[in-house]
Amino acid sequence: MKCTNNLKQWSQAMHMHHDQKGTLPYAKKNNPRTVWVTNLWPYVEQQALYSKYDFNIGYFEVPNCIANTFDGLVAQRVSIYICPSDRNVSPFHQGDQYWRAKGSYVCNWGPYTDPYPMTGQPLPTTLAPFGSKNFVNNGGSTNFPLMTRFSEITDGTSNTLLLSEVIIHPISSLRDRRGDQHNDGPGCTIFQTVDTPNSGIDSIIDAIACQNYLPWMPCQPTANGHITARSRHPSGVIASYCDGSVRFVPNNIALVTWQNLSTMNDGVAVTLD
């Protein structure tokens with residue numbers, strides 16, 4: 001129930017951002033390095049953090065982050081960051097000098113790797129609500145982050161995934177990217193529907209940032225990474241949809257259904273009863 005409530009709050013914050021700005025926030029961008037979480041602070045009762053955050057510099061720079069301390073803005077813990085089912089988890093990333101809070105909730109990147117290969121697999125013909133404006137020309141570079149309008153979700157907001165969960169590595173001194181929600185790097189702050197929930201082997205392009213934690217978090221380094229939605233809830237994950245609703249998704253969902261739910265304009269309006 002608590003996890004469902006957390007996702008509802010984040011989803012409502014996404015809607016409030018859309019109401020004020022005309023689009024959903026970007027999942028992450030690289031110029032300067034920023035993610036969706038900080039953009040939603042005003043809508044989750046964190047206006048004090050938002051007012052001090054400098055959006056003209058990267059998340060890792062002062063005052064956004066203060067090296068090797070918990071004094072930076074991105075190191076401040078917010079109650080709705082972490083699913084309570086992920087017990088005994090470190091709430092912080094301390095695998096480098098830029099200490100920051102971790103989180104369980106991540107944006108829907110669709111069935112595409114991060115970065116997307118320029119060759120070797122079909123080019124995308126449909127998109128998820130979060131991603132790159134131009135996969136074809138820049139491989140999904142976050143220099144060109146997608147900022148989606150609800151009117152562009154032609155499959156219907158009730159049929160399109162918005163957010164879901166990941167499991168956080170329990171050891172804060174490791175550089176595992178899963179749950180590293182303030183970082184814009186590959187494998188951070190997103191999930192992909194390459195595999196169904198709680199299945200497959202996650203992959204991250206940085207071997208140091210890909211730490212096996214079996215059986216919960218299998219991982220291997222690859223050139224084009226993907227992170228599966230995972231949770232410690234029995235038999236599935238909790239996900240929110242672009243209409244703001246929150247639903248439980250079972251592990252045994254068909255892969256084609258899961259991937260259709262993750263894209264917003266494939267012409268297939270899939271629903272889960």
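Me: Why is C219 called buried?
Reply: The label buried is for residues under 20% relative accessible area; over 50% is exposed, and in between is partly exposed (1.4 Å probe, protein chains only). C219 has 6%, so buried it is. Do keep in mind that this is a predicted model: local features need pLDDT of at least 70, side-chain atom pairs count only at pLDDT 80 or more, and totals for chains, interfaces and linings use all residues. Also, residues are numbered from 1 along each chain as its sequence is written, and side-chain values use heavy atoms, with hydrogens and water left out.

Me: And what makes C210 and C219 a disulfide?
Reply: The rule asks for a pair of cysteine sulfur atoms within 2.5 Å. For C210 and C219 the sulfurs are 1.9 Å apart, and the pair passes. A search of the whole structure turns up one disulfide. C210 is buried too, with a relative accessible area of 8%.

Me: Which hand does the disulfide of C210 and C219 have, and how do you know?
Reply: The torsion about its S-S bond is about -120 degrees, so the disulfide is left-handed. C3 is buried at 2%.

Me: What makes a group of residues a nonpolar core?
Reply: The members are buried Ala, Val, Leu, Ile, Met, Phe, Trp, Tyr and Cys residues joined through side-chain atoms within 4.5 Å. In the largest such core there are 45 residues, and W10, M14, W36, W41, Y81, F130 and L163 touch the most other members. Elements giving two or more residues to this core are α1 (2-21), α2 (36-40), β5 (105-108) and β6 (161-165). The largest share, five residues, is from α1. There is also a second, separate core of 18 residues, V166, F191, W258 and L261 among them.

Me: Why is β6 described as mostly covered?
Reply: Five of its five residues are buried.

Me: How do you know that β5 and β6 are paired?
Reply: Two strands pair if DSSP finds at least two bridges between them. β5 and β6 have three and run antiparallel, so they qualify. In one of these bridges V106 is partnered with S164, and Y105 has E165 as its partner. β5 and β7 (190-191) pair over two bridges, in the parallel sense, with N108 partnered by F191 in β7.

Me: What makes β7 and β11 the edge strands?
Reply: The open sheet has five strands in the order β7-β5-β6-β10-β11, with mixed pairing. β7 and β11 each pair on one side only, which puts them at the edges. Further along, β6 and β10 pair in the antiparallel sense over two bridges, and β10 joins β11 through five bridges, also running antiparallel.

Me: Which strands does α5 lie across, and at what angle to β6?
Reply: α5 lies across β5, β6, β7, β10 and β11, running at about 120 degrees to β6. Axes are lines fitted to C-alpha atoms, for helices over the stretch in contact, and angles run from 0 to 180 degrees between N-to-C directions. In α5 (residues 255-262), T257, W258, N260, L261 and S262 are buried.

Terms used: Helices (H or I, at least four residues) and strands (E, at least two) are DSSP runs, numbered from the N terminus. Contact means heavy atoms within 4.5 Å.
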